[in-house]
Amino acid sequence: MAKKTKIPEEFLEGKLSVDEIESGNIENSMDEEFIHTYRKVISKNNEEEIPNFNLFEKIAFQQKKERTNRFKRAFSYAAIVVALVGFFSIFFYFNTTRKQHTQTVKIAETQKEVIKVLFLFSEELNKTLKNFDEATTAFQPFSDYNNYKIDFNNPMKNLKINEL
Amino acid sequence: MKTKLIVLVLLIISATAFAQNGEKTIDSTFELLKAQKDISYFEVTGEMFKMLSETKETTDEFKDYMRKLTGMKMVRMYNGHDNGAPDIYKLFMQNTNLKGFSRLMTSETSTRKISFYQKKSKAGNEYLLVQSSAVIYITGTIDLKSISEFEQVMNIAGSAFDM
C-alpha cells in the first residue's frame, strides 16, 4: 500500500516549490502524478492564449475613427477650397488675358485708323499745295523772276543745233 | 397791331433761319453729318492719343505725332458721292460757324472741292479739311508742316505699319 503523501499540503502552504519537490526524493507514485499533473496544467496554461482584452480599445478605436473622419472631412474641404480658388484664378487669368488682348487689338485698329486719317489729310494737303505751287508759277509775271540768274557767257549759247 | 405782330413773327423766323445757317459749332455739325446716309464716323480723344503715344510697337516719330495730338474727328462717305448722298462740303459749310478759322487753301474742280482751314490759339491749333466726300478735324499742338510731312514719313515707314 502506498504511503500517503504530504507534498501537496506543503506545496499549497508555499513551503515547497515544484522544483524542490522534484529535486527531493519522490517517495510515491502520488507525488509523481501530482508533479506530472501540475506540469501538464502549467504547460497547458502557458500554451493557451491569453485574451488581449483592453477596456479602452473600443473608445480608442472610435477616437481613431473620428480623427480619421475629421481629417478626411478637413481634407475634402481644403480640396474644394483649393479647386475653387484654382478655378477662379484660371477664370480671372483668362478673362484678364482676353480683355488685354481685345484692348491691344482695339488700340492697333485705332492706330491704323489714325494713321489713315493723318495720311489722308497730309496727302490732300500736299496735293493742294502742289496745285497751288503750279498755279502760282504758271501765272507769275516775268518781272518776278528776279532770282533766276541768266548766264550770258554760257558756252552753249552760240552752238547751232544743225551743226551737231 | 396786327401788322406789328406779323413783322415780329417774320423777324423771329428769319433770325432762327439765320441761326441755323452757319451757326453750329464744329462738334454740332459733326453730329449732323453723322446722322446722314452712308456716312462713317471716326473719333479719337486726347486720352486715346496719350495711350497711342505709349504703345511699344511704334516708331519714335509716330509717338511724337501722337503726343502732339489732342483730338481727331472724321466723317466720310463710304459709297462715293453719286448715290444720292448729300454733299458733305456744302452741308458742312452751310451749318458751321467757322469764326476764328482762317482759310488756307481751296481747290475746286468740276468733280471735287476741297478747303483747308486753320485756327491758332495758345491752347493748341485746329485744322480742318473739308471735302465733298469727307471732313477731317484735327486738334493739337501739331503744326501744318508736320502734318504735310506725315505723308512722306508714312511712305517711308508704311511697311512698318502694314499699310
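Reader: Which residue is the bridge partner of B:Y117 in β5(B)?

Author: In this predicted model, B:Y117 has B:L128 in β5(B) as its bridge partner. Residues are numbered from 1 along each chain as its sequence is written, chains are lettered from A and ligands numbered from 1 in the order in which they are written. Since the model is predicted, local features need pLDDT of at least 70, side-chain atom pairs count only at pLDDT 80 or more, and totals for chains, interfaces and linings use all residues.

Reader: How many bridges join β4(B) to β5(B)?

Author: Seven bridges join β4(B) to strand β5 (residues 125-131) of chain B, and the two run antiparallel. Strands pair here if DSSP finds at least two bridges between them. Another pair is B:I114, which stands opposite B:Q131 in β5(B).

Reader: What sits between those two strands?

Author: The hairpin of β4(B) and β5(B) has four residues between the strands, and B:G124 takes a positive phi near 155 degrees there.

Reader: And what does β4(B) do on its other pairing?

Author: Strand β4 (residues 113-120) of chain B also pairs with strand β3 (residues 102-108) of chain B, in the antiparallel sense, over six bridges. These two form a hairpin as well, with four residues between them. One bridge there links B:M105 to B:F116.

Reader: In what order do the six strands of the open sheet come?

Author: The order is β1-β2-β6-β5-β4-β3 (chain B), with antiparallel pairing. β1 (39-44) and β3 of chain B each have a single partner strand, so they stand at the edges with one side lacking a neighbour in the sheet. From one strand to the next, the twist averages 5 degrees; angles run from 0 to 180 degrees between N-to-C directions, with axes fitted to C-alpha atoms, for helices over the stretch in contact.

Reader: Which strands does helix α2 of chain B lie across?

Author: Helix α2 (residues 26-34) of chain B lies across β1, β2 (69-77) and β6 of chain B, at about 30 degrees to β2(B). Helix α5 (residues 88-95) of chain B packs on the sheet too, touching β2, β4, β5 and β6 of chain B. The direction of helix α5 makes about 135 degrees with that of β5(B).

Reader: OK, whole chain now. How many helices and strands does chain B have?

Author: Chain B has six helices and six strands. Both are DSSP runs numbered from the N terminus: helices are H or I with at least four residues, strands are E with at least two. Along the sequence the pattern is α-α-β-α-α-β-α-β-β-β-β-α.

Reader: What is the mean pLDDT of chain B?

Author: The mean is 81, and 78% of the residues of chain B reach 70 or more. pLDDT is the predictor's confidence in each residue, from 0 to 100. Where pLDDT is low, the predicted coordinates should not be read in detail.

Reader: And chain A?

Author: Chain A averages a pLDDT of 78, with 73% of the residues scoring at least 70.

Notes. Contact = placed C-beta atoms within 7 Å.
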